[in-house]
Amino acid sequence: MIEARGYGYRKALNAGFRVASAFAVLLALLPLVSVIYFTAARGLGGVNLAFFTELPKPVGEPGGGMANALSGTGKLVGMACAIGMPIGVMAGVFLSEFRASSFATAVRFSADVMSGIPSITIGMVVYTVLVRPMGHFSAFAGSIALAIIMLPTVTRTTEELLRLVPATLREAGLGLGMPKWRATLLIVLRTAAPGIVTGAMLAVARIGGETAPLLFTAFNNRFWGQGIDEPVASLPVQIYTYAVSPYEDWHRQAWAAAFVLVMITLLLNVTAKFLVRNRLDAR
Amino acid sequence: MGDKNELSLIRAQPRILRRLGREANPGDLVFRALATLFAATVIGVVLLMVAEMSRASVASIKAFGLGFIVSQEWDPVREVFGALPFIYGTVVSSLLAVAIAVPVSLGVALFLTELAPKWLRSPLASMVELLAAVPSVVYGLWGIFGLAPFLREHVEPVLASTLGFLPLFQGPHQGYGMLTGGVILAIMILPTIASVSREVLLAVPNFFREGALALGATQWEALRDVILPYARSGLIGAVILGLGRALGETMAVTMVIGNSPEIKASLFAPSYTMASVIANEFAEATGDLHLASLAEVGLLLFVVTLLLNVVARLLVWRVAGPTGNTR
């Protein structure tokens, strides 16, 4: 196992490995720093009151904002959560509380596999199932696509968190004569609730930045987009539209939107991580 | 005989209650049914996707058959569709991404599990995972205005002057093309490979490390001869997961790869991926055959990533177990 080489050689090799490995970490973090630097340097100037309150202006007219895209993203993500969270949490409850069956393994496997499916194909399926029959793009279709994307994450996170709840808590509830459903909802889920909220934050951060599945479902809208039956603008789609356009002013707007989006997602992620660490430390 | 009577009393309960035994509480039945239903939804969505994508691409499969994946012609006007340029672009950009990302992310995973001081591990791991949090479209924007000009000005000339004898590194430096697409994909799959690899390495029992070190191995030797062989299948799974992600990644690549359906040997030349052609044409496709052909491209992408994910999950589960965090 240990080579018949000099000790010095082996030590040098080991040092080389350590240096290379540390270098890899620096290399990996370089893009993150660069992306944050670019979005801040180019986007910060475009973030003003108009950005948050005004509708986009037509090409050529300077000014305008992305209020419709901000509210659209909020609407899409909110509806996606309303659909995806209950299904995901209950599926997670199933996996954790009724786990011993080959069906549960199949669900677990499907969830893991689903999280690797390209999000654009989810958009395509929602398009053929919902948008085509309805005849037009809609906020509803967009939120269904986003709900499908968050489903596997929420399911697996909930399962993992419920597994961490000590069996003694369940037994205490059942011992007091609670039926299983009450013990699960009032004791197990409640104990795990902070963690599930953390998981939900991560899921929101993920779907809030999704562009591809919205291209054929929520599409885009230069105006507010009333109701859930109309196409609606969203921050990521707006960034895409502006980024690939040839206009200077739109590029500036795209950077401003990217800055806002990155700050929101990073903030959600960092807060979630922080909450998880605090909870683990407390134990 | 008395026993039998009691038994038949119990049998008087509805059959379904008896079969579920202790869960005879009606609330429990509803609860279990709901949980089962929602869990089945997860499987249902995957099955629905397979069925729907297949149904949508029937027309194209009928019209072009196997020729679809070997033909280079993609002409919506004449309604002739062949997907080879997109398949080529997807495969090459993804392999390029894996080739760049694997050494770096393995280095990161090893540093985070074996080398870094304890207090540094969790903050560094979180920072690497933040790379995955940046939305794809933001990477695309950064790619257009940051990465592509950088590669055009500083990297492509160097590659051309040192390795220019290879057809891979010839031709004009445009910035938008296969190389930029591959690099941006590498950045995006790096956190996936790194965090799954880290999970797998953490699952290697500590006594393997201790045993090797106690025998006098250096850290590198312990790693190469003991830890890596033990974790091998899980690490391969991590790489395949990364590959799957690269194949399906859409926005960032679409924004930097140049979107030109040609097969060129040079990595500097623009290309086109399967996900990109869907993103660019699906919402505007009017012809039924055009739509079906795009659906078939999506179906191919879907089936390939599905298979890769199945294989990868099985490999990762083998080392880290099905309950591990394998996101």
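Chain B has a radius of gyration of 26 Å, whereas a compact globule of 327 residues would have one near 20 Å; the radius is taken over C-alpha atoms, and the globule rule is 2.2 Å times the number of residues to the power 0.38. The model is predicted: local features need pLDDT of at least 70 and side-chain atom pairs count only at pLDDT 80 or more, while totals for chains, interfaces and linings use all residues. Residues are numbered from 1 along each chain as its sequence is written, and chains are lettered from A and ligands numbered from 1 in the order in which they are written.

The C-alpha trace of chain B spans about 95 × 65 × 30 Å along its principal axes. Chain B contains twelve helices and two strands, where helices (H or I, at least four residues) and strands (E, at least two) are DSSP runs numbered from the N terminus. Their order from the N terminus is α-α-α-β-β-α-α-α-α-α-α-α-α-α. Of the 327 residues in chain B, 50% are buried (20 or more other C-beta atoms within 10 Å; exposed, 12 or fewer; partly exposed, in between; C-beta atoms placed from the backbone). Among contacts in chain B between residues at least 6 apart in sequence, 76% join residues at least 24 apart, a contact being a pair of residues whose C-beta atoms, placed from the backbone, lie within 7 Å.

Within chain B, helix α4 (residues 84-115) packs against helix α9 (residues 219-248) at an angle of about 140 degrees, with the axes 9 Å apart. Axes are lines fitted to C-alpha atoms, for helices over the stretch in contact, and angles run from 0 to 180 degrees between N-to-C directions. α4(B) and α9(B) are therefore oblique to each other (under 35 degrees, roughly parallel; over 145, roughly antiparallel; 65 to 115, roughly perpendicular; the rest, oblique). The crossing of α4(B) over α9(B) is right-handed; a crossing is left-handed if the near helix is turned anticlockwise from the far one by less than a right angle, and right-handed if clockwise. Residues of α4(B) in this contact include B:Ala97, B:Val98 and B:Leu110, and those of α9(B) include B:Leu223, B:Val239 and B:Leu243. The contact of α4(B) with α9(B) comprises ten nonpolar, four polar and one charged residues (Ala, Val, Leu, Ile, Met, Phe, Trp, Tyr, Cys and Pro count as nonpolar; Asp, Glu, Lys and Arg as charged; the others, Gly among them, as polar).

Between the chains, 79 residues of chain A contact 82 residues of chain B. The largest share of the side of chain A that touches chain B, 20 residues, comes from α1(A). That side has 54 nonpolar, 15 polar and ten charged residues. Helix α4 (residues 102-114) of chain A and helix α3 (residues 26-64) of chain B pack at about 50 degrees, with their axes 9 Å apart, which makes α4(A) oblique to α3(B). α4(A) passes α3(B) in a left-handed crossing. The contact of α4(A) with α3(B) holds ten nonpolar residues, one polar and no charged.

B:Glu79 lies in the loop between β1 (74-75) and β2 (80-81) and is exposed, with 12 other C-beta atoms within 10 Å. B:Asn259 lies in the loop between α10 (251-256) and α11 (274-281) and counts as partly exposed, with 19 C-beta neighbours inside 10 Å.

Terms used
Contact = placed C-beta atoms within 7 Å.
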